[in-house]
Amino acid sequence: MITPALPLSHERRETPEPADESITAWALAARGGDSVAVDHFVRALHRDVIRYVAHLCADPQAVDDLAQDTFLRALGSLHRFEGRSSARTWLLAIARRAVADSLRYTAVRPRPADLSDWEPAAELAQPRGLPGFDDGVALLELLASLPDERREAFVLTQMLGLPYAEAAELSHCPIGTVRSRVARARATLLALLAEAEQPAPAAPPALAAA
């Protein structure tokens, strides 16, 4: 099995993101042992995996390890990938299972220090200039207030750009449920944004001295 060096989570891609068709083609070529295709496949989807894992897991220090585990599982299973779904959806499904397995393992053997704050790791993957959100308000802080299911639906469709049908497949729920979760998440985020942008109330005037 070929294991390319994974880019660090803080690395930014300067080139435009490749289309799903190209990524799927690389995955199919990688299945046949094309090492260049393996490298293209990993680099094309590494940032998406980091984002998704960071929003699913509860330990920011585990994000890179979970991303590594995701790609190791994927590369070991490429011989079973037939291109019936996009390689992006296939890989994110593997990432979801990797996080679930990690959570089950942690529940059985809890770590000495349980970190519940996922924002520090996800901050590195936060998109900039997202339409509808003011730069002065941290999107991650707003996302943290959402229920898990709505946050996942929003991240998959609005941040990672997956079609609703593929997000539904990943979340194991009907497409209508995903649309509802995204709509509710967006409404909540916009309400929180409007609240955050409200000017602070003016201080009451000081009472005149008697």
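User: In this predicted model, which residue forms a salt bridge with Arg 151?

Analyst: A salt bridge needs a side-chain nitrogen of Lys or Arg within 4 Å of a carboxyl oxygen of Asp or Glu. For Arg 151 the closest N and O atoms of the pair are 3.1 Å apart. Both partners lie in helix H7, 3 residues apart, about one turn of the helix. The partner of Arg 151 is Asp 148.

User: Is Arg 151 buried or exposed?

Analyst: Buried means under 20% relative accessible area, and exposed means over 50%. Asp 148, the partner in the salt bridge, has 53% and is exposed. Arg 151 has a relative accessible area of 7%, so Arg 151 is buried.

User: How many residues apart are Arg 73 and Asp 69?

Analyst: The side chains of Arg 73 and Asp 69 meet in a salt bridge, with 3.2 Å from N to O. Arg 73 is partly exposed at 28% relative accessible area, and Asp 69 is partly exposed at 26%. Both belong to helix H3, residues 63-77, where about one helical turn separates them. The spacing is 4 residues.

User: Which helix holds both Asp 39 and Arg 43?

Analyst: Asp 39 and Arg 43 form a salt bridge whose closest N and O atoms are 3.2 Å apart. Asp 39 is partly exposed, with 24% relative accessibility, and Arg 43 is partly exposed, with 38%. The two residues stand 4 apart, about one turn of the helix, and that helix is H2.

User: What is the count of salt bridges?

Analyst: Side chains of opposite charge can pair when their charged atoms come close. Some of the residues form a network of salt bridges, in which Asp 20, Asp 48 and Arg 88 are linked. With the 4 Å cut-off between nitrogen and oxygen, the count comes to 8 salt bridges.

User: Which helix gives the most to the lining of the largest pocket?

Analyst: The largest pocket holds about 360 Å³ of space and is lined by 18 residues. Helices H2 (35-56), H4 (87-108), H7 (148-159) and H8 (164-171) each supply at least two residues of that lining. One of them gives 8 residues, the most, and this is H4.

User: How many residues of the lining of the largest pocket are charged?

Analyst: Nearest the centre of the pocket lie Leu 56, Arg 96, Ala 100, Glu 152 and Leu 170. Asp, Glu, Lys and Arg count as charged. The lining has 7 nonpolar and 4 polar residues, and its charged residues number 7.

Key: Residues numbered from 1 in each chain as written. Predicted model: local features only at pLDDT ≥ 70, side-chain atom pairs only at ≥ 80, totals over all residues. Heavy atoms only, no water. 1 Å grid on protein atoms, 1.4 Å probe; cavity = no way out; pocket = protein on both sides within 12 Å on 5 of 7 lines; lining within 4 Å. Points joined across faces, edges and corners; volume = space filled by probe spheres on them. Buried < 20%, exposed > 50% of the residue type's maximum accessible area, 1.4 Å probe, protein only.
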